[in-house]
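I opened this structure for a first look. These are my notes, in the order I made them.

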Amino acid sequence: MIRRQYQYRPLEGSGTTRLLTLLPGQPDDPLVGTLNSVPIDSAPSYEALSYVWAEPGPPGSSLEILIHNGDNGQGVLTLQGGSIFAALRQLRLPNRPRQIWADQCCINQDDLAEKSRQVQDMHLIFRKAAHILVWLGSDTKKEAASAFSLVYRLHEVLNCQPGGSPRSDSGAAELALLIQENHMALAALTHRRWFRRGWIVQEIGAGTRATVHWGDATVDWDMLADVCERLKSHHHLRSALGMRTSDISFLHRRFVEPNENTHHANRFNFIYELQRARHLNFSDDRDRVFAFLGHFSIRSLHPLACGPVSVTVDYTKTVKQSYIDLSVRMLRQNPSAACILLAAVQHSSSSLPSCQLLTRVGLKAWMRDENRLPSWVPDWRRSEGIILAEPICPHRAHGESSAKLEILGNDNVVLQIHGVEIDTIKACSQRLTSDDFYTKKTPIRLKTKAQRLWHELCKKERFNLDDKYRNGQTAFFALMQTLSNGCVQAAGHKSVPYHEVPENVWLQKAARYIVDTHEAPDDITEDIWRAAKGAEAENEDDNWCRWATSASDGRTFSITQGGYYVLGPAALEAGDVVCVLFGCKVPFCLRPVGKGYLLVGECYVHGLMNGEAMDMLAQDKLSENVFEII
């Protein structure tokens, strides 16, 4: 017998959606339900389902649900993938109906116009739900019970430690042992695909009460997120054991306005939020923007914001058109957003043509790829590391200047922006990695990354406080501040005004790192040893290596013709120019191509982070340039 496919009725205007009433049944019974159109603002109580589309379901099952369609009889709705089928079968109640919003059932996926409207309202649908049901998938390897038991145990242990920090060395050792002995269970949990699914930022981020389901095991979402947040300070242990707990803490209350006196105030900036979500997975890369349309930053007037931002869901535009349109609209509405937008540009070494390649094939040939974005438009599909110029960052390379820019051409591909050219890159290191600056002793026969940079690029011998940098500070201090982005993240995480921290604090932390990681004492002078003794007892959450690892990962250390130390993008190469653009708190590196430039990316340049370039401009030591970036 051929069964009729379910036919959706059109939704009744904007601001409406459908709810699935899942009828009761036993575990092996067919799925049966009804779909009814309701106004989102006055819908009856319902739960919203969050899951991964592509995960498999029970083998040998027909992935479908029978929908009763009122006067029109009934029809079969075929589900795409087994995950939602497994979730609905697990969540179905045995003795009463359950009202659920689930995108595959409640949105006509074949109606592009309806899909666009529903995506625009998605944040409201999850925010107004009485409860969020998170489905991590079927527990085929029987890992869920031990993983969730560990979460409960960690919650108890960490709650005995104010702020999640062990009160003693023995407490820290006990916690580390608990994690090490059970790390496979925790790693199995944190590697579930749901935690990197893109749309969950708004599905779980609004603060609605939620329960996490993995097979027939459950855990409270807030408890899980709290444990993962408290484990942040154990980043070396987490990294060594392969636990992605930071992915979970990233999601928690992402769509709820934070305390603006903490580093979470970065979330008031829409571009920053798009940048932070680059690690998430989307089947449609346009959704990297659309998934954040319900975020508070899009309408925020907060001083750290770049909005309000006007974005409309339009699936008729390509990924390239969508990203260019957002960038152009943002810069025209608010030129002061130029710094964070350009800082979000992250080219890999292979995605940006070298000067040698451009010489051989020409710029027009390289630009012929119709899918290629202008070099100044962020590609949200690519991530090379953190943003140095995050919204709360205290750098002021631009001094008191304001952005001066214009977008040229009928196709909006040229950004004309004013600034000053400082210097040219002379030499670059290899791409730095997250392992380069961990606090660990290195055998005498081997050189640490810091040693190699000091000897080979800085052309210095022993670590000392005698060699001077071009601004009169010590060259050692300049190197260590460059590699750590000036340690600005340390102040941000402690909510301490950066400029109230004496420079000597950062010098002492850097010296302590050198002493703690070098087996060869002959490579360190006595003044470095003395400086290291002045540093307070370090912990994983407050040492130089944490901030250097975060800032340097995916970047390169470079030196200019004039002796500036630069922490720049991995794509940086000799011949690129260092510029300070008006209105931008960090310098940028540009690659000359004919009469124009390619944007290589943002950088930290020691001695240019506090308005020095603007002072030189005022003294006629530099002249204003107009850069046409293509």
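**Entry 1**

I started with L91, which lies in helix α1, residues 82–91. I kept in mind that this is a predicted model. Is L91 buried or exposed? L91 counts as buried, because its relative accessibility is 3% and the cut-off for buried is under 20%. I then looked up what L91 touches, leaving out residues up to four places away in sequence. The list is L49, R98, L133 and H213. I also checked L91 against L465, 374 residues apart along the chain. Their C-alpha atoms are separated by 65 Å.

**Entry 1: the nonpolar core**

L49 came up again when I turned to the largest nonpolar core. How many residues does this core have? It has 200. L49, W221 and F476 are the residues with the most contacts inside it.

Not counting residues up to four places away in sequence, W221 touches W194, F195, I204, A210, V212, I248, L251 and H252.

I looked up how α19 (residues 475–483) and α21 (residues 503–517) pack. The angle is about 85°, and the axes are 10 Å apart. That angle makes α19 roughly perpendicular to α21, because 65 to 115 degrees counts as such.

**Entry 2: an enclosed helix**

Next I looked at helix α7, residues 183–190. Six of its eight residues are buried, so α7 is largely enclosed by the rest of the structure. I wrote down the buried ones: A185, L186, A187, A188, L189 and T190.

**Entry 3: a histidine in α4**

H123 lies in helix α4, residues 122–127. Its relative accessible area is 14%, so H123 is buried. Leaving aside neighbours within four places in sequence, I found H123 in contact with Q202 and G294. I also compared H123 with F255, 132 residues apart in sequence. In space they are 8.9 Å apart, C-alpha to C-alpha.

For C106, the nearest cysteine sulfur is that of C105, 6.0 Å away. C106 counts as buried, at 0% relative accessibility.

The cut-off here is 2.5 Å. C393 is buried as well, with a relative accessible area of 6%.

**Entry 4: a loop isoleucine**

I392 sits in the loop between α17 (363–367) and β10 (405–408). Its relative accessible area is 25%, so I392 is partly exposed.

Most residues other than glycine have a negative phi, and most peptide bonds are trans. I looked for exceptions.

Which residues does a cis peptide bond join? I found one between G307 and P308, with omega about 5°. P308 is in the loop between α13 (287–290) and α14 (319–333).

K142 is not a glycine, yet its phi is positive, near 55°. I placed K142 in the loop between β7 (131–135) and α5. K142 counts as exposed, at 69% relative accessibility.

D620 is not a glycine either, and has a positive phi of about 60°. D620 lies in the loop between α24 (612–618) and β18 (624–629). I noted D620 as exposed, with a relative accessible area of 69%.

Key: Residues numbered from 1 in each chain as written. Predicted model: local features only at pLDDT ≥ 70, side-chain atom pairs only at ≥ 80, totals over all residues. Heavy atoms only, no water. Core = buried A, V, L, I, M, F, W, Y, C linked by side-chain atoms within 4.5 Å. Buried < 20%, exposed > 50% of the residue type's maximum accessible area, 1.4 Å probe, protein only. Contact = heavy atoms within 4.5 Å. Axes fitted to C-alpha atoms, helices over the stretch in contact; angles between N-to-C directions. Helix = DSSP H or I, 4+ residues; strand = E, 2+ residues; numbered from the N terminus. Parallel < 35°, antiparallel > 145°, perpendicular 65-115°, else oblique.
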